[in-house]
Amino acid sequence: MPRYEARRIESKWQAYWETHRTFELNAEQARADQEKLYVLDMFPYPSGEGLHVGHPEGYTATDIVCRYGRMRGKKVLHPMGWDAFGLPAEEYAIRTGTHPAVKTYENIDTFRRQLKMLGFSYDWSREFSTTDPDYYRWTQWIFLQIFDTWYDPEFAWTGPDGKSRQGKGRPISELPIPPDVAAQGETAVRRYQDKNRLAYQHEAPVNWCPALGTVLANEEVIDGKSERDGHPVKRIPLRQWMLRITSYADRLANELEELNWPESIKLLQRNWIGRSEGAEVDFFVGDKTAFEDWKASRAKAGFPKEPGEDVLRIYTTRPDTLFGVTYMVLSPEHPAVDQLTTAEHRAAVDEYRRQASLKSDMDRTELAKTKSGVLTGGYAINPVNGQPVPVWIADYVLISYGTGAIMAVPAHDVRDWEFAVKFQIPITPVVQPPANYDHSKDERELVRVVDGREEYPFGGLGTAINSGAYSGLATMEFKARISADLAAGGIGKTAVNYRLRDWLFSRQRYWGEPFPIWHELDANGQPTGLLRADTPESLPIELPPMADFKPTGTPEPLLSKAPAEWLYKTLPDGTRLKRETNSMPQWAGSCWYYLRFIDPKNSKTFLDPELAREWLPVDLYVGGAEHAVLHLLYSRFWHKVLFDRGHVGTPEPFGRLVNQGMILGEAELTGYQDQAGQFISANQVTAGPEAGPEFVLKRLGTPVGAVKLIADQVIKQGNDFVLAAEPEIIVESRTFKMSKSRGNVINPDVVVREYGADALRLYEMFMGPLEATKPWNMSGVEGIARFLARVWRMIADEKSETICLNPAVQDIPPSPEQLRFLHKTIAAVTHELDTMGFNTAISRMMEFVNEMTPQEPRPKSILSPFVLLLSPLAPHLGEELWELLGHTSSLAYEPWPKFDSSLLVESEVEIPVQVMGKLRGRVKVPVGAEQSVVEELARNDANVGQFLTGKNVVKVIFVKDRMVNFVVK
RNA sequence: GCCGGAGUGGCGGAAUGGCAGACGCACUGGAUUCAAAAUCCAGCGGGGUUAACUCCCCGUAUCGGUUCGACUCCGAUCUUCGGCACCA
C-alpha cells in the first residue's frame, strides 16, 4: 500500500547523498576544466529560535539553480556556513554564565540539522563558522591588510581586470612623507602614517547604547534606538576604530554600473553613498583691513589643504548663492566655536552646546520641526563682497558632514529660510526663479507675507540677481564661473562630499574578533597613541578565556577584564604594550566569507590565488533585501581593498544579486467593536497613542477592541470586505510580518513533519515570484503535497504491497502527441529555470501531470525526462522515482533533458480574429498560413461576418500565427 | 517630505503590446464509500442573452492619452509596502 511517504523517501536520499558525498566538490573537481557556477546564500546567524520559513525560500531557490547547473554539466560551488559572532549569544552568556561559544555551537547544530532535513545540496565539507579561530585568523589578517593600506586618490593604474582606474589602496610603506614630518623623526612619521591608514583611530561622538553595553554604527541606530531590540542610544565622545570607506565612495558608486543587480538595490546604495558636488569656501575671520591682506596672500599662496585658524571653511553645493549669504552656522561641536564666541554670548553658547551634547539622535529628530540655535557674537567676512556675516551655532548643522560649517542663504534653502525667519535674519534673494516656476510643497509650507506679498524660499535653478558682476548668469554657468574664480583667488575649490561616513568598526563586546593591534604604553602605563600590529604569523589572536561576561557599565570594553597575560606584553627592548580591547563588529566576519568558501581549509593563506581566479566572482548571491546597503557595501569595500592590494583579481565580489521577498503570516480578518460590543467600520479606527489602548476611534479617541473573524463572517463588497451580517460595517483584511508577539510564525520543522521537505520547498517556490513579498497559506502547502502525491501515483503503484512501478507505466514508444507535450514541457521548464521563474516552472509540470496521469499506458521514455525536470525542485521524490524507473545511481549529475524544437511545431494553430481590436472569432489555420488564406477564412466566419457586413474594411493587421484584426469604417 | 517597488477573481498568482484570469488554493455540485478521509469528474469575475458553453456588454486601483489593438507604453491622481529623512 505504499502511498507517497515523504518521510521515508527523504531520509533515505539524504542518507544516500551524505554517504556518497554527492555534492562535495573536491580539490580536483574544483580545478576541472568545466564551466564554473558559484552560488551563494547569505549565510544565517544561528539564532536560538532555529530556522524560520524565510530561510528556506532563498536556500531552495539557490539549491534549484545548483542542481540544475550540475545537470547542465557545470562544476558547482554551493557552500554554507554560519555568521555566528554577535550579541544574542553574549547576552545568553551574561544571563547564564555559559561561554558564548557553547550556545553558539549548539545553535549551529540545530541549524545544520534543519538545513540537512530540507535536502539542500550544500558541500558540507566547506562549512565553517565566523567564530572558528581558523576562520577569524584570516579576518584579523585582512584587518591587518586594511591597516597596512592608505588610499592614494591620484594614483592611475590598470587592474588585473584590464580596466583603468584612478585611485588605489597602496601599502603604507609607499606613503610619501612630507619633509616637515620626516624632519621631526620616526615617531612623527609613524603618527603621520597612522593618520593615513584605511583603519584608523578617531575620537568622535558615537552612539553609545548603555543597555547593550556597546557602541553602534549609525546604520545600526534607528530613530535613536538600537536596530536590535530598540534600546535607547546616547551620543558620547569615544576613541574608536574607523575604516575609511569614504575613500572608496566613488568606486563603490560607479562600479555598481556593471553589476547584474536589481536597479532598486543599486539606487539604494547610490543614495546611501549620497555623492554631492560643490565647493569649499573660506570665510575670513578678522577685521576688514586684514581681510584685504588675507585675500592678497591667498591669491599668491593658493587654497591651503588645512583651513588654518584665521578662516571658517564651509562646504556648499551652491557657490552661486554666495551673494545671498546673510549668516553662517557652525555645528555645536565645531572646534572654532570657542575662538569665535564673544564674552557676551559665552554663557548662552556653552549652555546650547551642553544641551546639544546630551541630545540623543532621537531628540534631535523629534525637535527637527523647529530650528534652534544661538549667536556666537563672532563674524566672518564673505569673500565675494567683503560683507561681515554673523556666525551662529545650531544643531541643524552636523559636525560629521562637509566641514561642519555652512554659509546660510535663507532665500534659497528651506532650512536656512526657516531659521532666518525664526531669528529675524535678513533674507536676500539672489536667484530669480524661471517664469513658470511652481514652488515645491516644502517651499509653499514656508510661505510668509511681507507688505501683502507672498514670499517663498526657492531652491531651484534660475537666473542670478543681486550678484555683482555675475548677475544675469544662469545658475549652472554661475557655479562653474565662480568656482573657477574662487580657485584662482585661493579662496575656494571644488569639493565632493558623501552622505556615507567612515565605518565605525569597533565594539565593546566579548563575542567578536579581537583586533590584532597593540598600544604602546609610557612609563606611567598610559597609551602613547603609538600602535603596533601583530605579525601575520602570530594570528589568530584568540579570545581570552573569561568567566564573567557582565558589561562593565561604562564604554570600557569587556575585554579590558581579560587576564593580564592576554592584555599585556613587554617587547625585548623594554616597550610595554597593551592589547586593543575593542572587538570587531559582526559585519567583519560576513565581509569576506564568500572568499573563504573557495578555499576553506587553507592554513597558509586566506585564499589560494589560483582558486580565486577560478571561482570569483560569486555568480549568484541570494538573500534578503535588509542587507541591501550595509553588508553588501561593507563586503564590496573590503573586496576592493583586497583587489587594490593584489589579493583578488575581480573588482567586485558578487556578479548577480537577487533579493528574495519576505514571507508574511497568513491573512487575518479583523473586526472592530466599541465598548458596547457594536461593530465599527475599520476606516473609523486608527492606532492608539503609545502606552494607550491599541486602537481608538479616529474622531473621539475612545478605545476600540479588535476581534479576529473567520472567512465565513465576511463578504467582499466593492473594494472592501464587510460583515456578512452587517454589510455596512467594513472589516480589515491584511497580512502581517511573522512575529512571535503576533503568534503567526510558521515553523518549518512542523511543515516538514506534516507534508515533507519536498512539499515545503515546492510550496515556497510556487507561492509567487522569488522577489515578491507574499503571505503564507497552509492549504497551499496541502495543494502542493497533493501534486507530489499525484506525481508519485503517475509512476508508482499505490495499490501494490511493495514499492513498484505503476502497471500503466510501460516500455512502449510514445505517441507523437505525448512526445510533443513532453518536449513542450522540457522547453518551458528549461526556460523558466534559466530565468528563475520557479512558480511558473511548477505550473508547467502540473500541466504535464494533469495531461499524462489519465493516459494509460504511459511510456517510460516520457516519464523519465519528466522526473529529471522535477528533480531540482523536489530532489527526494526525483531520486526515488528515478530509481523506481530502473536507474541505479543518483540523478544529480544526469544530463538535463534536451528538447527538439522540431517536435514543438504544431501543424495547426488557432488564431483570434479581431474587428476593431475586439475578439470576434477564432479560425484554425495551418502553421505559417499567409495573410490571404487567413483573411479569407476569417471573413467567412459567421460571427466575424456580422461585424463586417455593411462596413468598409480600411485596413487588415496580420501577425503570422498570432492574430488578424480588421479595421473598419 | 524625498526616493523606489506594487495595485489583476473570494485568495496566491499567470499573461510585459495581440484570445485577461494559466497553475494552485478556497468554494459549489456530482461519482466512489455503510460512512468518512483520500481519490476522480464538473463548475467557478460581474451582468445579460440563446435551442445551443450561443452570442453580447462590462471588467486588470482611478482619470486621461498613444495605438488597428493596452494588464502591458505615456501623463496625472489615489492606495499600499519598503528605504531615507536637517547631508548644506
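1. Glutamine 424 is found in the loop that runs between H15 and strand S16 (431-432). The model under discussion is a predicted one. Although glutamine 424 is not a glycine, its phi is positive, at about 55°. Its relative accessible area is 72%, so glutamine 424 counts as exposed. Asparagine 466 is placed in the loop between strand S19 (463-464) and helix H17 (475-488).

2. One leads from leucine 539 to proline 540, with omega near 0°. Proline 540 belongs to the loop between strand S23 (527-533) and helix H18 (564-567). Another cis bond joins glutamate 856 to proline 857, and here omega is about -5°. The loop that holds proline 857 lies between helix H27 (838-852) and strand S39 (858-859).

3. The next point concerns a sheet. In which order do the 4 strands of this open sheet lie? The order is S2-S1-S26-S27, and the pairing is parallel. Strand S2 (75-77) and strand S27 (657-660) form the edges, each pairing on one side only. On average, neighbouring strands of the sheet are turned by 20° against each other, if direction is ignored. Strand S1 (residues 36-41) runs parallel to S2 and is joined to it by 3 bridges. Within this pairing, lysine 36 has lysine 75 of S2 opposite.

4. Is H22 mostly covered or uncovered? It is mostly covered, since 15 of its 15 residues are buried. Just after H22 comes glycine 646, with a positive phi of about 80°.

5. A pair of aromatic rings is described by the distance of the centres and the angle of the planes. The whole structure contains 55 aromatic pairs. One of them is the stacked pair of tryptophan 141 and phenylalanine 606, with 5.0 Å from centre to centre and 25° between the planes. This pair links distant parts of the chain, 465 residues apart: tryptophan 141 is in helix H6 (residues 133-147), while phenylalanine 606 is in the loop between helix H20 (593-596) and helix H21 (609-615). Tryptophan 141 has a relative accessibility of 12% and therefore counts as buried. Phenylalanine 606 has 2% and therefore counts as buried.

6. Tyrosine 327 and phenylalanine 419 make a stacked pair, with centres 5.3 Å apart and planes at 20°. Because tyrosine 327 lies in strand S12 (residues 327-330) and phenylalanine 419 in helix H15 (residues 414-423), the pair ties together parts that are 92 residues apart in sequence. Both tyrosine 327 and phenylalanine 419 are buried. Ring pairs also build a cluster, whose members include Phe143, Trp241, Trp503, Trp587 and Trp638.

7. Rings may also face a charged group. Arginine 499 lies over the face of tryptophan 272, 4.6 Å from the ring centre. Likewise, arginine 579 has its charged end over the ring of tryptophan 566, at 5.0 Å from the centre.

8. Side chains of opposite charge can pair when their charged atoms come close. The count of salt bridges comes to 60. In one of them, arginine 31 meets glutamate 610, with the closest N and O atoms 3.3 Å apart. Arginine 31 lies in the loop between helix H2 (27-30) and S1, and glutamate 610 in helix H21, so this pair ties together parts that are 579 residues apart in sequence. With a relative accessibility of 38%, arginine 31 counts as partly exposed. Glutamate 610, at 43%, counts as partly exposed.

9. Two further salt bridges have buried partners. Aspartate 320 and arginine 318 meet at 2.9 Å, N to O, and both residues are buried. Arginine 251 pairs with glutamate 255, the closest N and O atoms being 3.7 Å apart; these two residues are also buried. Arg251 and Glu255 belong to a network of salt bridges that includes Asp161, Arg165, Arg636 and Lys640.

Technical notes
Residues numbered from 1 in each chain as written. Chains lettered and ligands numbered in written order. Predicted model: local features only at pLDDT ≥ 70, side-chain atom pairs only at ≥ 80, totals over all residues. Heavy atoms only, no water. Pairing = 2+ DSSP bridges. Helix = DSSP H or I, 4+ residues; strand = E, 2+ residues; numbered from the N terminus. Axes fitted to C-alpha atoms, helices over the stretch in contact; angles between N-to-C directions. Phe/Tyr/Trp six-rings, centres within 6.5 Å; stacked < 30°, edge-to-face > 60°. Buried < 20%, exposed > 50% of the residue type's maximum accessible area, 1.4 Å probe, protein only. Lys NZ or Arg CZ within 6 Å of the ring centre and 35° of its normal. Salt bridge = Lys/Arg side-chain N within 4 Å of Asp/Glu carboxyl O.
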